[in-house]
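Q: Hi! Could you walk me through this structure while I have it open on my screen?

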Amino acid sequence: MSGVSDFEVVPAVDVQDGEVVQLVGGERGTGKRYGDPVEAAERWIDAGARTLHLVDLDGAFEGERVNADAIEAVVESVPDEIGLQLGGGIRTAEGARDLLDLGLDRVILGTAAVETPEIVAAIDETHPGSVVVSLDAKDGEVVVSGWTEGTGLDPAEAAVRYEELGAGAILFTNVDVEGQLEGIDREAVQGVVEAVDIPVIASGGVASVDDVVALKEAGAAAVVVGTALYEGEFTLREAQDAADEI
């Protein structure tokens with residue numbers, strides 16, 4: 001992550017209607033709002049974040065980037081040394097390259113990678129290692145289109161496929177526990193980690209520092225945390241310090 005090999009706790013800046021929002025279980029309309037994305041980004045950087053995870057939630061549902069202005073404002077406000085990865089509504093290799101040229105370090109592809117796997121190789125050709133393939137799992141199955149459509153794909157098997165296509169990392173989100181502050185599914189994460197050699201970023205369900213530690217122990221390279229940080233369940237520093245002690 002942003003050239004750092006150590007495990008990272010990565011704050012999520014999910015944007016809907018121009019504001020930071022955290023959804024529950026990936027369900028549209030369940031979001032709690034947390035204000036301006038630029039202010040959120042600056043807050044997490046001040047708290048010690050080395051990477052930020054940006055998501056255009058409307059883009060994920062609509063299939064095209066909706067919050068481009070809000071996202072670009074964040075990119076422009078963030079110092080160069082901070083890693084930035086963006087997902088949500090990126091559907092073409094050309095669109096991904098434009099974002100990488102804008103200043104993002106990584107693009108996150110979910111639906112596009114499932115529907116046209118060759119897009120991963122196409123982007124990797126011009127921007128090596130910059131593609132994170134997002135595998136969102138619900139009931140053990142990869143889902144797409146804002147978590148609304150099943151694919152029949154097993155997450156671990158899909159991860160292997162994308163590693164072969166040139167993915168620089170896998171973002172594995174367990175939708176069953178997303179945004180609910182009820183804990184993680186360590187075994188599901190471990191299954192994906194053991195299937196591939198590239199880094200696996202875990203996301204979904206983190207409710208405590210213990211969850212963060214468990215994900216590091218499961219072999220994840222990083223964890224994306226949203227609701228727990230916004231709700232003050234623990235601080236970014238507390239989580240990162242606990243992970244660093246392992």
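**A chat about the model**

A: Happy to! Asp46 is exposed, with a relative accessible area of 70%. Keep in mind that this is a predicted model.

Q: Where does Asp46 sit?

A: Asp46 belongs to helix H1, which covers residues 37-46.

Q: And which residues form the negative surface patch?

A: Asp36, Glu39, Glu42 and Asp46 form the negative surface patch.

Q: OK, salt bridges next. How many does the structure hold?

A: The structure holds five salt bridges. One of them pairs Arg33 with Asp17, with the closest N and O atoms 3.3 Å apart.

Q: Where are those two in the chain?

A: Arg33 is in strand S3 (residues 32-33), while Asp17 is in the loop between strand S1 (8-16) and strand S2 (19-22). They are 16 residues apart, and the pair links distant parts of the chain.

Q: Is Asp17 buried or exposed?

A: Asp17 is exposed, because its relative accessible area is 54% and the cut-off for exposed is over 50%. Arg33 counts as partly exposed, at 41% relative accessibility.

Q: What else does Arg33 form a salt bridge with?

A: Arg33 also forms a salt bridge with Glu19, and here the closest N and O atoms are 3.2 Å apart. This pair, too, links distant parts of the chain: Arg33 in strand S3 and Glu19 in strand S2, 14 residues apart. Glu19 counts as partly exposed, at 31% relative accessibility.

Q: What about Arg237, which residue does its side chain meet in a salt bridge?

A: The partner of Arg237 is Asp241, with an N to O distance of 3.4 Å. Both residues lie in helix H11 (residues 236-244), four residues apart, which is about one turn of the helix.

Q: Nice. How accessible are Arg237 and Asp241?

A: Arg237 is partly exposed, with a relative accessible area of 39%. Asp241 is partly exposed as well, at 34%.

Q: Switching to the backbone: what is phi of Asp17?

A: Phi of Asp17 is near 50°, a positive value in a residue other than glycine.

Q: Why would anyone point that out?

A: Most residues other than glycine have a negative phi.

Q: What is phi for Asp139, then?

A: Asp139 has a positive phi of about 55°, although it is not a glycine. Asp139 is found in the loop between strand S7 (131-138) and strand S8 (141-144). With a relative accessible area of 70%, Asp139 is exposed.

Q: Which residue takes a positive phi just after H9?

A: That is Gly219, with a phi of about 105°.

Q: While we're at H9, which of its residues are buried?

A: Helix H9 spans residues 209-217, and its buried residues are Asp211, Val212, Val213, Ala214 and Leu215.

Q: What do they pack against?

A: The buried residues of H9 pack against S1, helix H8 (186-195), strand S11 (200-203), strand S12 (222-225) and H11.

Q: New topic: Asn174. Buried or exposed?

A: Asn174 is buried, because its relative accessible area is 6% and buried means under 20%. Asn174 lies in strand S10 (residues 169-174).

Q: Which residues is Asn174 in contact with, leaving aside its neighbours within four places in sequence?

A: With those neighbours left aside, Asn174 is in contact with Ala137, Asp185, Ala188, Ser203 and Gly204.

Q: Last one: where is Asp101?

A: Asp101 lies in helix H4 (residues 93-102). At 59% relative accessibility, Asp101 counts as exposed.

Q: And what separates the C-alpha atoms of Asp101 and Gly59?

A: Those C-alpha atoms are separated by 19 Å, and the two residues are 42 residues apart along the chain.

Definitions and conventions. Residues numbered from 1 in each chain as written. Predicted model: local features only at pLDDT ≥ 70, side-chain atom pairs only at ≥ 80, totals over all residues. Heavy atoms only, no water. Patch = residues over 30% accessible without salt bridge, like charges linked within 9 Å, V, L, I, M, F, W, Y side chains within 5 Å. Areas by Shrake-Rupley, 256 points an atom, 1.4 Å probe, with all protein chains shown as cover. Salt bridge = Lys/Arg side-chain N within 4 Å of Asp/Glu carboxyl O. Lys, Arg positive; Asp, Glu negative; His and termini not counted. Charge placed at Lys NZ, Arg CZ, Asp CG, Glu CD. Buried < 20%, exposed > 50% of the residue type's maximum accessible area, 1.4 Å probe, protein only. Contact = heavy atoms within 4.5 Å.
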